[in-house]
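Here's a quick briefing to read with the model open beside you. Take it one topic at a time and find each residue as you go.

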Amino acid sequence: MRAILIYSKRGGACFVPHVALSAIFSRSALRADLKLTMTQGFSPRAKISFAPELPAGVVALNEPVEIYFDDAQILPENLQKVFNAALPAGFAINRIYFPDTNLSLGKLCYQAVYLIRSSSISPEDLRRLLLEFYADEILRLEIENDWLRLLIKNPAKNGIGLFVKKLISENLLQGWQNINIVRESIGNFHGEFVVNENGSVSID
């Protein structure tokens, strides 16, 4: 059974590095008595894949993780409940999809939405810097109160960490402590935006 679990990581969980996520979800599945499908070969591991990675410290609200289950007895409606009971603090499964497409998770994660603000850069200047850095990769960029909402394509290539590193290298930021970033969603799993064929964005 292939499932895409949409999870959030908040609080201290946002500091868990990307490389540790597979172990966290594998061990949580074991605690929940869920049998995972394993890869073949000399070093079998659970068949789990994640969205393009986030830098440590970035809060995530709707992150997909693709997991294959061997347990045919598990009822889909129970999966969210049993997994949430086994996950560590700060992690939570928001909802679950059972995709009817053969596309990999990487190909499904073709766009992302970020919320960004800085204690040392004004929203207007931050907007200008984002436009200069990402250029045509930006699909929408709006100022909402003190936050910017950035809709960007190709999140695997256009990592938000690259933008922050550039600001630090140019002494526009002292460090990550001067910027707040939330990945609101990646892919189109939350069903709030759709990129049309002409490149415009509409609400679904």
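**Serine 118 and its surroundings**

Leaving out residues up to four places away in sequence, serine 118 touches Leu126, Leu173, Asn178 and Ile179, where contact means heavy atoms within 4.5 Å. Before going on, note that this is a predicted model, where local features need pLDDT of at least 70, side-chain atom pairs count only at pLDDT 80 or more, and totals for chains, interfaces and linings use all residues. Residues are numbered from 1 along each chain as its sequence is written, and side-chain values use heavy atoms, with hydrogens and water left out.

- Serine 118 sits in strand E5 (residues 111-118); helices (H or I, at least four residues) and strands (E, at least two) are DSSP runs, numbered from the N terminus.
- Is serine 118 buried or exposed? Serine 118 counts as buried because its relative accessibility is 15%; buried means under 20% relative accessible area, exposed over 50% and partly exposed in between, using a 1.4 Å probe and protein chains only.
- The side chain of serine 118 reaches the backbone nitrogen of serine 120 at 3.1 Å.
- A polar atom of that serine 118 side chain also lies 3.2 Å from the backbone nitrogen of isoleucine 121.
- Both are polar contacts, meaning pairs of N or O atoms within 3.5 Å; within protein, one must be able to donate a hydrogen and the other to accept it, and residues adjacent in sequence count only if both atoms are side-chain atoms.

**The whole chain**

- The protein chain has five helices and ten strands.
- Of its 204 residues, 45% are buried.
- Take the contacts between residues at least 6 apart in sequence: 70% of them join residues at least 24 apart.

**Nonpolar cores**

- The largest nonpolar core has 30 residues, and Tyr114, Ile116, Leu126, Leu130, Tyr134, Leu150 and Ile181 touch the most other members. A nonpolar core is a set of buried Ala, Val, Leu, Ile, Met, Phe, Trp, Tyr and Cys residues joined through side-chain atoms within 4.5 Å.
- At least two residues of this core come from each of strand E1 (2-9), helix H3 (105-108), E5, helix H4 (123-134), strand E6 (138-144), strand E7 (147-153), H5 and strand E8 (179-186).
- Apart from this core lies another, of 25 residues, including Tyr7, Ala13, Ala32 and Ile67.
- Setting aside neighbours within four places in sequence, tyrosine 134 is in contact with Leu150, Ile152, Asn158, Gly159, Ile160 and Phe163.

- Leucine 141 is in strand E6 and is buried, with a relative accessible area of 11%.
- Leucine 141 and leucine 151 are ten residues apart along the chain, and their C-alpha atoms are separated by 6.3 Å.
- Tryptophan 147 lies in strand E7 and is partly exposed, at 22% relative accessible area.
- In the loop between E6 and E7 you'll find asparagine 145, which has a positive phi of about 60° although it is not a glycine.
- Asparagine 145 is exposed, with a relative accessible area of 73%.

**Empty space**

- What shows where empty space is left? Rolling a probe the size of a water molecule over the atoms does.
- The largest pocket has a volume of about 200 Å³. On a 1 Å grid over the protein atoms alone, a pocket is an open set of points with protein on both sides within 12 Å along at least five of seven lines, a cavity is a set where a 1.4 Å probe fits but cannot get out, and lining residues have an atom within 4 Å of a point. Grid points are joined across faces, edges and corners, and a volume is the space filled by probe spheres set on the points.
- Of the 14 residues lining the largest pocket, Glu53, Pro55, Gly159, Ile160 and Gly161 lie nearest its centre.
- Helix H5 (residues 160-169) gives the largest share of that pocket's lining, four residues.
- The structure holds one cavity of 30 Å³ or more, and about 50 Å³ of space lies in the largest cavity.
- Among the residues lining the largest cavity are Tyr7, His18, Phe50, Glu53 and Arg183.
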